[in-house]
Amino acid sequence: DYHLEMVTGENLLYIVSPKDILRARPREIEDHIEWRVTHGAFEEALAMAKENERYLRSFTPKRVGRLYMESLIKKKQYEQAAKMCRSVLGGDVKEWEKVVSEFAALGQLEAVAPYVPLTKTGGDTGTAGIIQLGKAYYEMILNDFLLRDSAEFVALLKKWPSSLYDIPTVMNVVKSAINDDKKNKHLWEAQAHLYACDGQYDKALRYYLRIGHEDVLRLIQEHNLFGSIQDNVVPLIENHKDKAIDLLVDNTSKIPVAVVVAELADRRELRHRYLHAVFTRKPRECVDYQADQVELYADFDQEGLLNFLRSSNSYPLEKALAVCEVRELDEARVYLLTRMGNARAALKLITEKLGDVEKAIDFATEQNDAELWEDLISFSVDKPPFITGLLRKSGTHIDPQRLISRIKSRMNIPGLRDSLVKILQDHRLQISLREGFRKILVNDSSALLDRLIRTQR
């Protein structure tokens with residue numbers, strides 16, 4: 001009752017029965033792909049579709065990919081579905097916008113955001129041809145990030161080219177958010193970035209200064225905004241420390257020293273740090289402030305004061321000495337007294353106030369003044385530590401006999417024996433050297449006399 005018939009050339013088989021006629025044909029590649037899609041083997045189906053794309057009519061790689069994405073979304077595997085967008089959607093703007101809308105409806109824009117095309121030439125997106133979505137779709141993603149996490153919103157805003165969205169539109173949204181949360185620094189940073197993208201650099205600077213953001217220095221340099229920071233020198237230095245000071249010192253032609261000093265009138269420590277940097281690198285530009293610097297160093301950098309006093313000639317000595325006397329900065333007082341020609345007062349300060357015999361001896365040696373040595377000996381004769389120090393240094397500048405003869409009897413002098421032994425050894429050495437020099441002189445004289453006699457003959 002059943003017959004099998006074949007139509008030559010059509011590649012079809014017919015099964016004929018009394019009641020039915022069945023038509024059969026060999027399975028094609030599209031049938032295999034459809035079967036795998038139906039049974040959830042999407043990866044195999046997609047691989048086959050890509051390999052045989054030119055033979056396909058219905059189950060193209062794009063369709064299979066979309067079906068795979070829909071399957072992943074149903075399983076709530078949003079990240080995996082989003083990762084497939086670039087390879088599946090390619091340069092199809094409408095499909096991209098459709099997918100973004102789908103993710104938005106699901107509240108999963110965060111998943112698809114890293115993969116949306118960012119440039120009209122594909123660029124880093126990996127998409128082909130000219131591809132950029134409507135601005136509304138980028139703004140939709142930005143708004144979603146703004147509502148969820150302001151830090152991630154700022155990061156995305158900086159990553160994306162500002163041409164993707166309408167700057168005033170986003171700016172208004174951020175401004176509204178700031179009104180609701182004025183302490184959120186991420187929102188202030190976002191608004192500053194938007195102002196900069198819109199070319200409103202002065203406004204961007206104000207926002208950056210308010211939050212102490214590091215981009216403020218770059219913005220000032222790139223857009224020459226030194227005129228805009230004249231009233232904001234204090235927060236600039238407070239927030240950016242040495243980097244801000246370096247910027248100001250490098251650009252004294254654009255923001256003069258006088259302007260900065262005036263702004264720092266009530267902030268003495270900041271003024272010291274700024275003037276110190278100017279003095280170190282451009283000393284001629286702070287000559288008018290070096291008298292003030294003496295007091296600033298005395299209050300905020302006493303270790304650097306002496307170096308400043310030695311390096312500068314533009315401060316009044318009397319005023320500097322008065323400042324050091326009030327603060328009892330004895331090292332600086334010694335230097336200033338010496339520079340003023342009062343070496344005896346300087347030596348007295350070293351001996352009586354500092355009590356430093358080594359420093360006193362070095363000072364007297366440096367000055368090479370007989371009166372100073374006499375003052376030092378007179379001060380030392382009743383002070384055993386000073387006598388010991390002088391005995392050790394005696395010989396070149398001090399006659400040991402002159403010092404020893406003035407020591408009171410029964411005075412306990414630490415290290416006296418060692419000092420006297422050294423004096424005797426030095427004395428013997430001097431005698432030996434003198435004797436050697438005398439012999440050399442005699443021999444040389446005799447040789448020269450003999451030469452003279454021979455020459456005259």
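Predicted model: local features only at pLDDT ≥ 70, side-chain atom pairs only at ≥ 80, totals over all residues.

Visitor: How much accessible surface does the protein have?

Guide: The total is about 26,700 Å², and 49% of this belongs to carbon and sulfur atoms.

Visitor: And how many helices and strands are there?

Guide: The protein has 26 helices and three strands. These are DSSP runs numbered from the N terminus, with helices (H or I) of at least four residues and strands (E) of at least two.

Visitor: What share of the residues is buried?

Guide: Of 457 residues, 40% count as buried. Buried means under 20% relative accessible area, exposed means over 50%, and partly exposed lies in between (1.4 Å probe, protein chains only).

Visitor: May we look at one helix? Which residues of α13 are buried?

Guide: Helix α13 covers residues 215–223, and its buried residues are Asp215, Val216, Leu217, Leu219 and Ile220. Their cover includes α9 (150–159), α11 (185–197), α12 (201–211) and α14 (233–250).

Visitor: What follows α13?

Guide: Asn224 comes after this helix, with a positive phi near 50 degrees.

Visitor: You mentioned α9. Where does Phe153 sit, and is it buried or exposed?

Guide: Phe153 belongs to helix α9 and is buried, at a relative accessible area of 1%. Beyond its neighbours within four places in sequence, Phe153 touches Leu142, Phe145, Leu146, Val170, Val174 and Ala190. The C-alpha atoms of Phe153 and His186 are 8.3 Å apart, although 33 residues separate the two in sequence.

Visitor: And α12? What does Asp202 touch?

Guide: Asp202 is part of helix α12 and is partly exposed, at 39% relative accessible area. Apart from neighbours within four places in sequence, Asp202 is in contact with Leu225 and Ser228. From Asp202 to Ser228 the C-alpha distance is 6.7 Å, across 26 residues of chain.

Visitor: On to charges. How many salt bridges are there?

Guide: The structure holds 20 salt bridges, each a side-chain nitrogen of Lys or Arg within 4 Å of a carboxyl oxygen of Asp or Glu. One of them pairs Asp215 with Lys158, at 3.7 Å from N to O. Asp215 is in helix α13 and Lys158 in helix α9, so this pair ties together parts 57 residues apart in sequence.

Visitor: Are those two buried or partly exposed?

Guide: Asp215 counts as buried at 15% relative accessibility, while Lys158 counts as partly exposed at 35%.

Visitor: Which residue pairs with Asp330?

Guide: Asp330 forms a salt bridge with Lys353, at 3.5 Å from N to O. Since Asp330 lies in helix α20 (residues 330–339) and Lys353 in helix α21 (residues 343–354), the pair ties together parts 23 residues apart in sequence. Asp330 is buried at 11% relative accessible area, and Lys353 is partly exposed at 43%.

Visitor: Finally, what makes up the nonpolar surface patch?

Guide: Tyr2, Leu4, Met6, Leu13, Ile15 and Leu22 form a nonpolar patch of about 650 Å². The elements giving two or more residues to this patch are β1 (3–7) and β2 (12–16), and Leu22 lies in strand β3 (residues 21–24). Patch residues have over 30% relative accessible area and no salt bridge; like charges are joined within 9 Å, and nonpolar side chains (Val, Leu, Ile, Met, Phe, Trp, Tyr) within 5 Å.

Visitor: Where is there a patch of negative charge?

Guide: Asp356, Glu358, Asp362 and Glu366 gather in one on the surface. Lys and Arg count as positive and Asp and Glu as negative, leaving out His and the chain ends; each charge is placed at NZ of Lys, CZ of Arg, CG of Asp or CD of Glu. Glu358 lies in helix α22 (residues 357–367) and is partly exposed, at 36% relative accessible area.

How values were computed: Residues numbered from 1 in each chain as written. Heavy atoms only, no water. Areas by Shrake-Rupley, 256 points an atom, 1.4 Å probe, with all protein chains shown as cover. Contact = heavy atoms within 4.5 Å.
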